[in-house]
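Please read them with the structure open beside the text.

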Amino acid sequence: MSAAITLKEAVKWPDLLASGHRLCAGCAEPIIARLVLKVRRGATMATTATGCLEVATTIFPYSAWRIPWIHTAFENAAATASGIEAAWRAMRRRGRGPLAKYEILDVIAFAGDGGTYDIGLQALSGALERGHDFTYVLVDNEAYMNTGIQRSGGTPYCAWTTTSPAGTVIPGKREWKKPIDEIVIAHEIPYVATVSPAYPLDVMRKARSAFEVEGPAFLHALAPCCRGWRFPPSKTIEVAKLAVETCFFPLWECRVEDGRPLYKLSPPSLAIAKRPERKKPVEEYLRVQGRFRHLFRPKRREDLIDNIQRWVDRRWGMLLEKAGL
Amino acid sequence: MREQRLLGLNGDEAAAYAIKQVNPDVVAAYPITPQTIIVERFSEYVADGLVDTEFVAVESEHSAMSCCIGAAAAGARAFTATAANGLALMWEMLYIAASLRLPIVMAVVNRALSAPINIHNDHSDSMGARDSGWIQIYCENSQEVYDACVEAWRIGEHLDVQLPVMVCLDGFTLSHTMENVQTLSDEAVREFVGERPYIKVQGHLGEAEFRLDPENPLTMGPLDLYDFYFEHKMHQVEAMEKALKAMPQVDEEYAELSGRGYQLLHPYEMEDAEVALIGLGSTMGTVRYVVDRLRRRGVKAGMMKMRVFRPFPAEQLIELLKDVEVVGVLDKAMSFGAPGGPLYEELRTIFYDAGRQPLIVDYVYGLGGRDTPPRLIEEAFEGLMEAKRRGEVVERLNFLGVRW
C-alpha cells in the first residue's frame, strides 16, 4: 500500500467491509468503517460492540467482514480489543504462537455512542489507562439507533428521541452532549481526532495516524443517521458537512506530546477559524433534521436555538484556545 | 511417573503456581477476596520474569472475561480468577465465552454472593453459573487445585470439547489454608499441556482454523437468529457430552505423569454402603472422616465426592448409587423457591427413571461460610439412617447448622 493517502489511490485499495450488508440506505457507519479499514497497515483485526454495525453486517451465515472480526457484547469493545492486543503482544515477545510473525497488527474496536458514552465507558477508560496499542472508533449517531432511537449520553440537547420525546412540556433531551473527547484526552493517550464521513480524505489520514501511534488512539466519527435524525437518506453527507460548517462538530486532532495535549484544527475547521464569517449559524444544521423539528414548529423556540448556538460558540471558542488560535 | 517436589501451598498459591508452570499467553484479572492471592502471586511471577505472560490488570471482572475472550479468540491461552460478586459481574461474558467455544481457564474461589456482603465460602457463585456452558471441576484440597489447574487446559482445548473450564476451590477453607502439594517440574507441565490446538471450521471465506487469523479471516460472534441459533446450542450440548469422555482420557495421561488420577467421581467406602452422602468441594474431607468414624461403629456409611459437576456424570452416578438405600445430598448453595439445592434436584432427576433408586434427602449447609464440623455431618448421617429405618423420607429439604 502506498504511503501517500490520496482519494485517487484510495479507490484502488480493497474494501474490507463488503457491500451487501443490511445497514440502512444512507447510513454513515459503513462509510466510516470502510474508510478506516482502507488505510490499515497490514494484518488487522476488529471487534465491534453490539449495535447497528454489528447486527447488520453479520447475520449468520453471512458476513461482510473481510478481516478477522469478533463481536462479544455491548459494553466491552475496548476490553475485547485489549485481549486481542495482549494475545498478539505475548506471542510477539515469545516468538511463538500464530500471531508471533506479525510485526504490525492493527487492532480496531468499533462502538457506537451507547457503547462508548454510556455502558462502555468503564471498559474504554480501563483500556486507555492500560495503554493497549489499539484504535477505538466511536461511530456516534447520537442515540441507541439499533434498539429504536433512545437517548444516550451522546445525544445532543433538545434532540427528540423515543426516550426523550419532544412533548408539550419538555422539548426533547434536557441534557447536553457528554464531552467524550475531553474525557478521552484526559487519559493522556497519544492520539485523539474527530472525523466526518463528509471529509473522506481526512478520515483516512487520521485513521492512518491512529494506527501508527504506539498506544491507544481514539477516533470520534459523527455518523448521521437518517432514521433517527429524521432526514432523507440522500442527505447524510450534507448533514455531516453542516455539522462541521456550523462548528457543531469541528474537525481536529490532538496529540499528547511530553504529557501536553496539542490540538490542531483540520482543514475544514481551520478554514473557519481563519475566516470566522464562514461559520454558519447552528440553525442551518438543526433545521434539516426532523429530530429538532419542535424547535421550529408549531412555534419557533428562539430561546432553545439560542442555547444551542451559545453552546456551540462556547465550545468552539474553547477549541480555538486549545489549538492556540 | 515424573519426579515431584513437595511444596507448602495454600489453594490460591497452588492455582497460581500451576498457572506459572503452564505459562499462558494472557492472564487478565481483577482482585476480589478470597481470590487475591492468585493474582498477587501471578503478578510476582511476571515481575520476576518467571513467566512471559501478558498480564492485564483490568478494571473489572467483566473486562477480565472480555479480555480473556478477545485473547482466546486471537488464539491465545488465557486465564483469569475470580469469586462471588466478581463472577456475578462476569455473568454475561461467561455465556459468551462458552458459546464462542473458547477454552479459557478460570479459577473460581467459591464465596457467598451478596447481599448481605460476606467473604466466606459457599457455592452460590459457581452454582449460579452452572447453566453458562462452562465445565466445572470442584476441588477438595490444594493438591486437587494444582492438578486441576494443569489438567483444565487439556480438557478445555480437547478437539472434541473446546469449552472453557472453571476450577472451583472453596474460599478460605482451601484458598488460605497451607497444605502439602506435590508439584511437577515446569518442563513436565509444559510438555503435558503442549501448544494450544485449533479446530478447523468452514468460515464465510473458506476453511480456517477457529481463531482470528489475518490470513484466513473468520467472523466470530455474529448475529444468529432462529434459523441457526438452536443448532449452535446443540453443538454445545454435544461438546458437554463429549467432555464426559474426554476428561477421563486426559486424566489417565495426567495420572501416568503425576501418579494422581481423579476421574469424574470419587466413591469412598461405597461397595456395601447403605447410607451415603454426596457433595462437592472441601467439605468432603470432613465427610470422609465421619464415614471412617461411623464405619468403626459398624454403620455402613459411604461417601460420593463429585469432582465434576459440569458435565453432570449421570450414568456413572446411577451406577454407583443405585444400590444405596438412602443418599443425602450436601448442597452448599440454595436455589430459592426451588424444591431443593442444585445438586439435589439434578440427582433426583436422573433417578426418576433409573429403575432402582435410593431415597434422596437434601441437606443445604454452610451458607456464608457457616462452619460444618463433623458433628453436623453426623447429624446428616443420622437423618439418613432414620430414613432407612422408616423406609421413607420425612423431610426432603433440610438445613444443617442454622438457628431456625
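This is a predicted model: local features need pLDDT of at least 70, side-chain atom pairs count only at pLDDT 80 or more; totals for chains, interfaces and linings use all residues.

1. Chain A contains 13 helices and eight strands. Its radius of gyration is 19 Å, which agrees with the value near 20 Å that a compact globule of 325 residues would have. Taken along the principal axes, the C-alpha atoms of chain A fill a box of roughly 65 × 45 × 40 Å, and 53% of the 325 residues of this chain count as buried. Of the contacts in chain A between residues at least 6 apart in sequence, 68% join residues at least 24 apart.

2. Chain B, for its part, has twelve helices and 18 strands. Because its radius of gyration of 21 Å is close to the 22 Å that the globule rule gives for 404 residues, chain B is as compact as a globular protein of that length. The C-alpha trace of chain B spans about 70 × 50 × 45 Å along its principal axes, and 55% of the 404 residues count as buried. Where contacts in chain B link residues at least 6 apart in sequence, 78% of them join residues at least 24 apart.

3. The domain assignment divides chain B into domain 1, which comprises 5–199 + 238–258, and domain 2, which covers 265–400. The centres of these two domains of chain B, taken over C-alpha atoms, are separated by 27 Å, and 26 residues of domain 1 are in contact with 20 residues of domain 2. On the domain 1 side of this contact, the elements of chain B that give two or more residues are α5 (124–128), β6 (135–138) and α8 (229–258). The most is given by α8(B), with five residues, and by class the residues of that side divide into 13 nonpolar, eight polar and five charged.

4. Chain B also holds an open sheet of seven strands with mixed pairing, in the order β3-β2-β4-β5-β7-β6-β15. Since β3 (54–57) and β15 (308–310) of chain B stand at the edges with a single partner strand each, one side of each is left without a neighbour in the sheet. Neighbouring strands of this sheet are turned by 20 degrees against each other on average, with direction ignored. Within the sheet, β6(B) pairs with β7 (residues 165–170) of chain B in the parallel sense over four bridges, and Q136(B) stands opposite M166(B) in β7(B).

5. Which residues and elements make up the contact between the chains? Chain B contributes 41 residues and chain A 44 residues. On the side of chain B that touches chain A, the elements giving two or more residues are β2 (26–29), β3, α3 (61–73), α4 (84–99) and β11 (219–220) of chain B. Here α3(B) gives the most, with nine residues, and the side as a whole has 23 nonpolar, ten polar and eight charged residues.

6. A last point concerns strand pairing across the two chains. Strand β2 (residues 69–70) of chain A is joined by two bridges to β11(B), and the two run parallel. In this pairing, T219(B) in β11(B) is the bridge partner of W69(A).

Technical notes:
Residues are numbered from 1 along each chain as its sequence is written. Chains are lettered from A and ligands numbered from 1 in the order in which they are written. The radius of gyration is taken over C-alpha atoms; the globule rule is 2.2 Å times the number of residues to the power 0.38. A residue is buried if 20 or more other C-beta atoms lie within 10 Å of its own, exposed if 12 or fewer, and partly exposed in between; C-beta atoms are placed from the backbone. Two residues are in contact if their C-beta atoms, placed from the backbone, lie within 7 Å. Domain bounds come from an automatic or database domain assignment. Ala, Val, Leu, Ile, Met, Phe, Trp, Tyr, Cys and Pro count as nonpolar, Asp, Glu, Lys and Arg as charged, and the others, Gly among them, as polar. Two strands pair if DSSP finds at least two bridges between them. Axes are lines fitted to C-alpha atoms, for helices over the stretch in contact, and angles run from 0 to 180 degrees between N-to-C directions.
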